[in-house]
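Please look at the model shown below.

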Amino acid sequence: MSKIEPVKRVLSYCSWPLVFFSGLAGSYFSFSSDHPMVAFSAVYLSAIAVLFGLERYIPYEGRWLQPDGETANDIAHTLLTKGLLEIATLLAAIFPMLAASVLQPLATLQFSLWPSALPMIIQIVLAVTIAEFGLYWSHRIAHEKLFFWRFHALHHSVTRLWVVNTGRFHVVDSLFKLTLSQIPLYLLGAPLQVFWWLAAVTAFIGILTHCNVDMKTGPFDFVFSTPRLHRWHHSQEIREGNTNYGENIVVFDLLFGTYFNPDRPSSTDIGIKGQIARGFLPQLAQPFTKEGVRQILGRRPKGN
Ligand SMILES: [Zn+2]
Ligand SMILES: [Zn+2]
């Protein structure tokens, strides 16, 4: 055994909790600073840089280090989706204010059902769980209903998993997910800080689930969506791929029978049967045309 083997071994056990919990600690300091969004972005980009380094030091799959020609598209889809999230967060801030200004003259009624008096950590766990219910079902529907799969297929069309394709989602797919997961929280009157924390948890879990780092996640696999579980979700094999829908936590996979974690290394045979268009704009347009949908589903043209 070479001298660096033990270092790699230790890293493979430590890197998931280290990146996740230091990301949350960084978020805590960011959110209490004068420039929360700038500070948070710095923490997030640092975590991406660490994972990028680990992908080269202890890759899960060596093949996935090779370029696939999709990097620019991955980044473009990420930026578009992230922009949407910013707008949604802004709406979260405005919505309670609007509601309060309408309701205030009516009565001394307390508008918010949200348990703001509880410790922040409990509010965060509650928000992550409530949002997860919408995330789980929007994701499961996206796999089980062809109408929604046409948008979600873009995310699954990658043949390598790495930190950069975390945010590769069709904008309609993201919008659907965002609607189902965040509207219940708006209606309950969750404060802006809670939305920030939900975004932080989702951001760090997201880059971890997609990173190509040989991470041993053991007991975390039964609570959080981990790279090991998410690799099964990207499997070409439908029996393996239509499982592990959890975005942040796996409670609903366990509850609704879609949890999949067999005792063997998770799949590296990932991708879809259909064909995704080349280029950012054609990828955005593809699900809206008949021919595009046919390609996405991998169906032959009629008459052939
Ligand atoms: Zn999926
Ligand atoms: Zn994924």
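Helix α4 bends by about 25° at E132, where the bend is the angle between axes fitted to the seven residues ending at a residue and the seven starting there. The model is predicted: local features need pLDDT of at least 70 and side-chain atom pairs count only at pLDDT 80 or more, while totals for chains, interfaces and linings use all residues. Residues are numbered from 1 along each chain as its sequence is written, and chains are lettered from A and ligands numbered from 1 in the order in which they are written.

α4 covers residues 120-144, 25 residues in all. From its first C-alpha to its last it reaches 36 Å, close to the 36 Å expected at 1.5 Å a residue; that expected span is 1.5 Å times one less than the number of residues. Helices here are DSSP runs (H or I, at least four residues), numbered from the N terminus.

The buried residues of α4 include A127, A131, E132, L135, Y136 and H139. A residue is buried if 20 or more other C-beta atoms, placed from the backbone, lie within 10 Å of its own, exposed if 12 or fewer, and partly exposed in between. An α-helix has 3.6 residues a turn, so residues three or four places apart point the same way. The buried residues of α4 pack against α5 (146-156), α6 (171-188), α7 (192-210) and α10 (251-256).

T129 also belongs to α4, but it counts as partly exposed because it has 13 C-beta neighbours inside 10 Å. Apart from neighbours within four places in sequence, T129 is in contact with I249 and V251, contact meaning C-beta atoms within 7 Å. The C-alpha atoms of T129 and L154 are separated by 26 Å.

How do α4 and α5 meet, and at what angle do they cross? Their axes, lines fitted to C-alpha atoms over the stretch in contact with angles from 0 to 180 degrees between N-to-C directions, come within 6 Å and cross at roughly 100°. The two helices are therefore roughly perpendicular to each other, a term for angles of 65 to 115 degrees. I141, A142 and H143 of α4 make the contact with F148, W149 and H152 of α5.

α5 also packs with α6, at an angle of about 110° and with axes 8 Å apart, which makes α5 roughly perpendicular to α6. Here F148, F151, H152 and H155 in α5 meet V172, D173 and F176 in α6.

Definitions and conventions: Contact = placed C-beta atoms within 7 Å. Parallel < 35°, antiparallel > 145°, perpendicular 65-115°, else oblique.
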